[in-house]
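Colleague: Please take one part of this model and go through it closely. I would like the strand pairing and the salt bridges there, with the cut-offs behind each term.

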Amino acid sequence: MASRVAMLLGQVVPCVKVNASKIRVRRMELDTNLNMYFKKDEFYFAHDPDKRCKTGDIVLIKELPERLTRLISHSVEEIVYPLGDITDPITGKKVVVGKYREDIEEANRLFGKSKDAFDYANAPPRGRLEGTRDFTHGETYIKYHEDGKDQPFAV
């Protein structure tokens with residue numbers, strides 16, 4: 001019943017593999033008894049030697065002609081949506097909660113901008129706080145036991 005797909009869209013999850021990213025591809029599976037669809041997650045390891053992917057990014061992966069290792073069977077083609085920068089897939093416009101950024105800027109222009117309003121145009125890109133508050137870039141590892149120490153990169 002399963003069919004081979006050339007390209008898959010998935011979300012990057014924390015991974016301990018070197019030169020690879022772990023991608024969660026979510027599919028809907030039909031339960032014939034209830035006649036309802038339920039989420040089913042499949043995990044793939046994609047070859048990513050440059051470590052372009054960060055945890056939470058939405059990426060496009062492609063199946064390799066032959067496996068690189070026993071686990072790595074795909075390669076990362078492109079990062080479609082980086083985490084935190086939401087883009088409407090139909091219009092291509094940036095979105096904040098349920099409104100387009102353009103509409104928010106127009107309303108600010110017409111009615112006056114609040115002094116506490118966030119300025120998206122001057123905001124730095126993701127990764128500015130690496131090492132202080134953003135720990136998605138760090139090397140992850142498997143936590144085998146609880147020793148009382150803070151382990152921010154443990155999976």
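Modeller: From the N terminus on, the elements of the protein chain run β-β-β-β-β-β-β-α, that is, seven strands and one helix. Helices (H or I, at least four residues) and strands (E, at least two) are DSSP runs, numbered from the N terminus. The model is predicted: local features need pLDDT of at least 70 and side-chain atom pairs count only at pLDDT 80 or more, while totals for chains, interfaces and linings use all residues. Residues are numbered from 1 along each chain as its sequence is written, and side-chain values use heavy atoms, with hydrogens and water left out.

I take the strand pairing first. Two strands pair if DSSP finds at least two bridges between them.

Ala20 faces His47 of S3. Four residues separate the strands of this hairpin, and Asn35 has a positive phi near 55 degrees. Most residues other than glycine have a negative phi. Lys51, which is not a glycine, has a positive phi of about 55 degrees; Lys51 sits in the loop between S3 and S4.

A salt bridge is a side-chain nitrogen of Lys or Arg within 4 Å of a carboxyl oxygen of Asp or Glu. Side chains of opposite charge can pair when their charged atoms come close. The structure holds seven salt bridges. One of them joins Glu29 and Lys40, with the closest N and O atoms 3.5 Å apart. Because Glu29 lies in S2 and Lys40 in S3, the pair ties together parts that are 11 residues apart in sequence. Lys40 forms a salt bridge with Glu42 as well, at 3.8 Å between the closest N and O atoms. Arg27, Glu29, Lys40 and Glu42 are linked in a network of salt bridges.

These residues differ in cover, where buried means under 20% relative accessible area, exposed over 50%, and partly exposed in between (1.4 Å probe, protein chains only). Glu29 is partly exposed at 44%, and Lys40 is partly exposed at 37%. Glu42, by contrast, counts as buried at 19%.

Another salt bridge lies in the helix. The side chains of Arg109 and Glu106 meet at 2.6 Å, N to O; both residues belong to helix H1 (residues 101-111), three residues apart, about one turn of the helix. Arg109 is exposed, with 59% relative accessible area, whereas Glu106 is partly exposed at 34%.

Val16, Ile142 and Tyr144 make a nonpolar surface patch of about 340 Å². Patches are made of residues with over 30% relative accessible area and no salt bridge: like charges are joined within 9 Å, nonpolar side chains (Val, Leu, Ile, Met, Phe, Trp, Tyr) within 5 Å.

Some totals complete the account. Of the 155 residues, 23% count as buried. The protein chain exposes about 11800 Å², with carbon and sulfur atoms supplying 54% of it; accessible areas come from the Shrake-Rupley method with a 1.4 Å probe, and for residues only the protein chains shown count as cover. Among contacts with a separation of 6 or more, 44% are between residues 24 or more positions apart, a contact being heavy atoms within 4.5 Å. The structure holds zero disulfides, a disulfide being a pair of cysteine sulfur atoms within 2.5 Å. Cys15 counts as buried at 13%, and Cys53 counts as buried at 9%.
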